[in-house]
Amino acid sequence: MRTQRQMVDYSLRKRAVLRELLAGRVGTYDVCDASPYLKNAARYHGEPTDERCPICRSENLTRVHYIYGDELKQSAGQARTLAELPVLAMTLREFQVFVVEVCLGCDWNHLVEQYLLGRDGLAEGAEGGPEQDAVGGAAASGTGAAGRRRREAQR
Ligand SMILES: [Zn+2]
């Protein structure tokens with residue numbers, strides 16, 4: 001996503017957890033503790049992946065995107081589909097995205113990464129100044145044409 005910035009990758013931490021598990025220093029009940037809320041979010045807003053669950057190896061992982069930020073008001077802390085994020089990113093100045101992977105089979109869950117999205121990221125780039133307002137307005141009205149036009153303009 002174009003406005004994505006300040007990405008923090010938690011894959012090292014995930015590997016450390018899996019190592020601890022293999023070594024028997026933590027039990028599966030410690031790491032497979034997805035809450036009913038998280039599992040519901042995964043079912044209704046989650047993004048399926050091709051990645052096998054590292055614990056049960058029988059289900060593919062689902063990624064849930066949680067959004068946080070003052071501008072979101074009552075929506076803060078809610079899960080959003082991946083498709084909804086670019087629209088929000090053009091509407092809002094800045095919000096935080098937390099990506100959590102969940103296995104609906106065994107309840108394994110882990111924070112994958114976090115990053116910032118929003119129009120403030122456009123100002124940091126070298127290009128894309130004057131068209132910001134037009135794109136933001138079109139995105140808010142829910143048309144996909146503006147995004148396509150913008151990508152073509154950049155070529
Ligand atoms: Zn699993």
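Metal donors here are N, O and S atoms within 2.8 Å of the metal (3.2 Å for Na, K and Ca), and since water is not among the atoms, sites may look incomplete. By that rule, the zinc ion is coordinated by the SG atoms of Cys53, Cys56, Cys103 and Cys106, at 2.3 Å. The model is predicted: local features need pLDDT of at least 70, side-chain atom pairs count only at pLDDT 80 or more, and totals for chains, interfaces and linings use all residues. Residues are numbered from 1 along each chain as its sequence is written, and side-chain values use heavy atoms, with hydrogens and water left out.

Along the chain, the zinc donors follow the spacing C-x2-C-x46-C-x2-C. Four donors count as tetrahedral if all angles lie between 85 and 135 degrees; four count as square planar and six as octahedral if opposite donors are over 155 degrees apart and all others between 65 and 115, and anything else is irregular. The four donor atoms around the zinc ion subtend angles of 105 to 116°, so the arrangement is tetrahedral. For solvent exposure, buried means under 20% relative accessible area, exposed means over 50%, and partly exposed lies in between (1.4 Å probe, protein chains only). Cys53 counts as buried because its relative accessibility is 0%, whereas Cys56 is partly exposed at 29%.

Helices (H or I, at least four residues) and strands (E, at least two) are DSSP runs, numbered from the N terminus. In these terms, Arg57 lies in the loop between strand S2 (47-52) and strand S3 (60-68). Arg57 has a positive phi of about 55° although it is not a glycine, and with a relative accessible area of 61% Arg57 is exposed. Lys73 also has a positive phi, near 50°, in a residue other than glycine. Lys73 is found in the loop between S3 and strand S4 (79-80), and its relative accessible area of 60% makes Lys73 exposed.

Strand S3 itself contains Thr62. Thr62 is buried, with a relative accessible area of 11%. Contact means heavy atoms within 4.5 Å. Not counting residues up to four places away in sequence, Thr62 touches Ala42, Gly46, Glu47, Pro48, Val100, Glu101, Val102 and Leu104.

His110 lies in strand S6 and counts as buried, at 10% relative accessibility. With residues up to four places away in sequence left out, the contacts of His110 are Tyr10, Arg13, Lys14, Val17, Val99, Val100 and Glu101. The C-alpha atoms of His110 and Asp33 are separated by 9.8 Å, although these residues are 77 residues apart along the chain.

The next topic is the nonpolar core. Such a core is a set of buried Ala, Val, Leu, Ile, Met, Phe, Trp, Tyr and Cys residues joined through side-chain atoms within 4.5 Å. The largest one has twelve residues: Ile67, Leu72, Leu85, Leu88, Ala89, Leu92, Phe95, Val97, Val99, Val112, Tyr115 and Leu117. At least two residues of this core come from each of helix H4 (85-91), strand S5 (95-102) and strand S6 (109-117). Leu88 touches Ile67, Leu72, Arg80 and Phe95, again not counting residues up to four places away in sequence.

The charged side chains come last. A salt bridge is a side-chain nitrogen of Lys or Arg within 4 Å of a carboxyl oxygen of Asp or Glu. By this rule the count comes to six salt bridges. One of them pairs Arg5 with Glu94, the closest N and O atoms being 3.7 Å apart. This pair links distant parts of the chain, 89 residues apart: Arg5 is in strand S1 (residues 5-9) and Glu94 in the loop between H4 and S5. Arg5 is buried at 8% relative accessibility, while Glu94 is partly exposed at 36%.

Another salt bridge joins Arg25 and Glu20, with the closest N and O atoms 3.0 Å apart. Arg25 is exposed, with a relative accessible area of 59%, and Glu20 is partly exposed at 29%. Arg93 forms a salt bridge with Asp120, where the closest N and O atoms are 3.1 Å apart. Because Arg93 lies in the loop between H4 and S5 and Asp120 in helix H5 (residues 120-124), the pair ties together parts that are 27 residues apart in sequence. Both partners are partly exposed, Arg93 with a relative accessible area of 47% and Asp120 at 25%. Salt bridges that share partners also join Lys14, Glu51 and Glu101 into one network.
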